[in-house]
Amino acid sequence: MTRSWFLPVSEETTDLLVVGGGPAGASAAIAAAGHGISSVLIEEGDMPGGQIHRAPRSPNAPGPDPDGERIRRDLVANRNLIDVRTNTSVWGVFDRKRVCVSDGDASTILTAKQIILAPGAQEYVPPFPGWTLPGVMTAGGAQALLKMTGVAPGRRIVLAGSGPLLLAVAAQMAKLGHQVVSVFQAASRRSWMMLPLRAWQAPQKTLEGMKYFGTLKRTGVKMRYGRMVVSAHGDQRLTGISHAPVDASWRPDLSRTETINADALCISYGLMPRTDLFQIFGCKMRFCEMRGGWHPERDDQLRTSRRDVFAVGDGAGVSGASAAILEGKLAGNAAAHALGACSDACLEGVSRRLGRALRRVHTFGAAINQISYPRAGLLDLVTDDTIVCRCEELMWKEVRTGIEQGGTDFRTLKSATRLGMGPCQAKFCWPSASRQIARLTERAMKEVGPISVRNPIRPISLGALAKKAAVSG
């Protein structure tokens, strides 16, 4: 039996609650509105669109993103049915149905008949020597800075890791005149050159990728394949990086290390679904490296094991923005059907049409993931003195000792070392730590398990509760 807190906050009910205002969540709310369904859309940012469709905040930034502008226009056009709440986040779920949200000033409990979760994804960055230096950041963070302000994170920029995000960010920087020294892709050149043959069902995405390659070649950016950054150097901030060739498992050959000067390093080894919401709702989870790691189980209409909860977008398994839009539309229609606003025939027709399109984009996503999913060699980057839990400043030798002494799942390792006790609640350290556990104990990742999630899943101030209580009391 789930124990509830007593929360002195207001309560609301809605037919449909959508969490996440990126392409998946926004598309779901818009699709449901097409059937006359009213919804509440919760978005952590100050504007819908998600990471990929961030709106510019400066005249120096790149022009507005057409897809993002379309999403925002459609939400405005349906404002009589879609209650968009920006700068708002879900911080707790009680009794597996009462969803607590906060806008920073006050909290509200929402209860919905149907729920669509579109939490998005986060980047995977394995620990390596020097990764905590100022000047080292994720490629997605650099992209957000660039899209909003047009400002680059440094004067001599290196991007490294795996996946198409590196190409996109490097091309965007180079197009704006910023100096990108080099892009290091851990995957081989051959695997990238074979991509168009494997992803022929998504010609538009293939063409987009070719444009990125063309921009990098035209602006003189060096692409280095089969290499990775093995360490970052500097005293108070980044001054240079060392890189080395890797084998098929991405194990670096440190005897062939090279060093270059750089004051900004943007790292990304693909995306991982943000799963805390699914876990706290009690949805069944599964692990698949090709989908980014842990993600919820879903049926053909994108329902989770909870019949009133749908999962869409990269938070339900990394597949990209095109798939996110299609999944959002499918879930929005399915939720409308569950609420009695969409007929069986209508849902069947929509599911058939969107299902065909999803199979095509999933084929492309699978081809990309086959190239860029994290290999075992990444775990060899840590040294004894490498910090692996940034919140608690734990070094690898401390965590390894905890594992060797029996910390072979999240709770036991957390108790033994404090790993995961910081503000991020293990969202950034556990993906690598769990892989190290699997390697050292020779177990599968599904045996090690995901993080353990409990309320509050986001930081919340007592003032956000007290202020609402004062107003209502």
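**Spaces and helix contacts**

Mentor: Start with a lining. α10 supplies the largest share of the lining of the second largest pocket, 5 residues. This is a predicted model: local features need pLDDT of at least 70 and side-chain atom pairs 80 or more, while totals for chains, interfaces and linings use all residues. Residues are numbered from 1 along each chain as its sequence is written, and side-chain values use heavy atoms, without hydrogens and water.

Trainee: How much space lies in the second largest pocket, and which residues are the closest to its centre?

Mentor: A pocket is an open set of points on a 1 Å grid over the protein atoms alone, with protein on both sides within 12 Å along at least five of seven lines; lining residues have an atom within 4 Å of a point. A volume is the space filled by probe spheres set on points joined across faces, edges and corners. Here the second largest pocket holds about 390 Å³. It has 16 lining residues, and the closest to the centre are Arg-298, Asp-299, Asp-300, Leu-302 and His-362. β18 (293-296), α9 (321-338) and α10 (344-372) each give two or more residues to that lining. Helices (H or I, at least four residues) and strands (E, at least two) are DSSP runs numbered from the N terminus.

Trainee: How many residues of that lining are nonpolar, polar and charged?

Mentor: Asp, Glu, Lys and Arg count as charged; Ala, Val, Leu, Ile, Met, Phe, Trp, Tyr, Cys and Pro as nonpolar; the others, Gly among them, as polar. The second largest pocket has 8 charged, 4 polar and 4 nonpolar lining residues.

Trainee: How many cavities of 30 Å³ or more does the structure hold?

Mentor: In a cavity, a 1.4 Å probe fits but cannot get out. There are 2 cavities of 30 Å³ or more. The largest cavity has about 270 Å³ of space. Its lining has 20 residues; Met-272, Pro-273, Thr-275, Lys-427 and Pro-431 lie nearest the centre. Two or more lining residues come from each of β16 (271-273), α8 (276-280), β18 and α13 (430-441). α13 gives the largest share, 4 residues. By class, the lining of the largest cavity is 10 nonpolar, 6 polar and 4 charged.

Trainee: What lines the second largest cavity?

Mentor: The second largest cavity, of about 90 Å³, is lined by 14 residues. Pro-127, Val-388, Ser-432, Ala-433 and Gln-436 lie nearest its centre. α11 (396-404) and α13 each supply at least two lining residues, and α13 has the largest share with 3. The classes are 12 nonpolar, 2 polar and no charged.

Trainee: Now helices. At what angle do α9 and α10 pack?

Mentor: Axes are lines fitted to C-alpha atoms over the stretch in contact, and angles run from 0 to 180 degrees between N-to-C directions. α9 and α10 pack at about 165°, with axes 10 Å apart. They are therefore roughly antiparallel (an angle over 145 degrees). The crossing is left-handed: the near helix is turned anticlockwise from the far one by less than a right angle. The contact (heavy atoms within 4.5 Å) includes Leu-326 and Leu-330 of α9 and Leu-354 and His-362 of α10. It has 10 nonpolar, 5 polar and 3 charged residues.

Trainee: Which residues meet between α1 and α2?

Mentor: The axes of α1 (23-33) and α2 (66-77) come within 10 Å and cross at roughly 35°. This crossing is left-handed. Pro-23, Ala-26 and Ile-30 of α1 meet Ile-71, Asp-74 and Leu-75 of α2. That contact has 5 nonpolar, no polar and 1 charged residues.

Technical notes. Parallel < 35°, antiparallel > 145°, perpendicular 65-115°, else oblique.
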